[in-house]
Amino acid sequence: MNQSTHITDLVKQAAREAGFELAGVAPVHDFAELDRFREWIAAGRAGEMKYMEARDESGSLKRASLRSTLPWVRSVIVCAINYNTAQPYSIQAHNPQRGWIARYAWGQQDYHDAVLNRLRVVETKLRAIVGGSEWQTRCYVDTGPIVERIYAKYAGVGWIGKNTCILNQKMGSWLFLGVILTSLGLEPDLPAPDRCGSCTRCIDACPTDALVAPYQLDSNRCISYLTIEMRGMIAEAMREGMGHEVFGCDICQDVCPWNRKAPATEVAEFQPREGLVNPALEWLAGMTAEEFREKFRGSAVRRAKRSGLRRNAVIAMGNSGERRFGPLLEKLKADEDAVVAESAEWAAKRLSGEAPRTT
């Protein structure tokens, strides 16, 4: 066994000991998928997520080439941890008085912190294994100049599904990814083979047609983007398709056959906070600034901000068919938040049958 293989094996062991179910090493190449990322950006499919378009001094997209962005990186260690909990899927929740928060955001701790803490443990053990100080590492959880799922594929962690999520044949797709970039030349793993076959359930199930083709997502139509990243008013044409989703969306994962037997995690940080599984729409729409801060302190839900979460809840009310929301929506028409007020006016019209349907 050569030295790089030995170090790689020890790193994978360290990842398992830190709580990661999967770990692998990818080489640093200009993979074909990175060209498609450039095309995706050029087509405007990143929406308002300008951070995805960050460029280096030469004008090249940082996320499109580690070789040019961080030329010292020789290997990418990809770690994955299961966040699935023993709770119903969104497609099994049909109470019209309640909304849906994406599974990944239920946890006791923001996943960025929970995963990064474990990555730091692996990084520390790697440094102890190799010794010396002449080499470099950096840890990232959704924050670095890298498209993690591409490197996860080439690290053997999973394949990129038609819904653009990483899929593993044993774990499914409920996976958080973290990466350690290193200047060490570690033994790379073989890329994971695509096992989606002829299945198109994720594409067929998307209510806003965000999966415009297999492996192609238009963020401008994606419910996760609309409810989290999108600021201000959501286009009326997109609102009906949002259904009861108020933060993110799990539909394309909920219908995936590879998630039928996905194991449930026992990680404490990922267990649901009270009230976040299928929360009451009235509660979300009427949440005060103080309540929002208290309930979502240290939570990924804070990314939508209070205005966005309330806007989403109001739109879900409009999609609910529940006329009992009428009085509250009438009150919210005069809300000090103009976005919430406009959404309430639309929702009230929709419940009364005045708003035109878009499907």
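Hi everyone, this is a short talk about the overall build of one protein chain and what sits inside it. Please keep in mind that the model is predicted.

Let's begin with the overall form. The chain contains 14 helices and 10 strands. How does the radius of gyration agree with a compact globule? A compact globule of 359 residues would come out near 21 Å, and the chain has 21 Å, so the two agree.

Next, how the chain meets itself. Take the contacts with a separation of 6 or more: 75% of them are between residues 24 or more positions apart.

Now the inside. What share of the residues counts as buried? For this chain of 359 residues, that is 54%. The largest nonpolar core holds 86 residues, and those touching the most other members are Leu 66, Val 76, Val 78, Tyr 151, Val 157, Leu 181 and Leu 329. Another core lies apart from that one, with 29 residues, including Ile 7, Ala 15, Leu 126 and Leu 184.

Let's zoom in on Leu 181. Leaving out residues up to four places away in sequence, Leu 181 touches Leu 66 and Val 76, and among its other partners are Trp 72, Gln 136, Arg 138, Tyr 140 and Ile 146.

Methods. Residues are numbered from 1 along each chain as its sequence is written. This is a predicted model: local features need pLDDT of at least 70, side-chain atom pairs count only at pLDDT 80 or more; totals for chains, interfaces and linings use all residues. Side-chain values use heavy atoms; hydrogens and water are left out. Helices (H or I, at least four residues) and strands (E, at least two) are DSSP runs, numbered from the N terminus. The radius of gyration is taken over C-alpha atoms; the globule rule is 2.2 Å times the number of residues to the power 0.38. Buried means under 20% relative accessible area, exposed over 50%, partly exposed in between (1.4 Å probe, protein chains only). Contact means heavy atoms within 4.5 Å. A nonpolar core is a set of buried Ala, Val, Leu, Ile, Met, Phe, Trp, Tyr and Cys residues joined through side-chain atoms within 4.5 Å.
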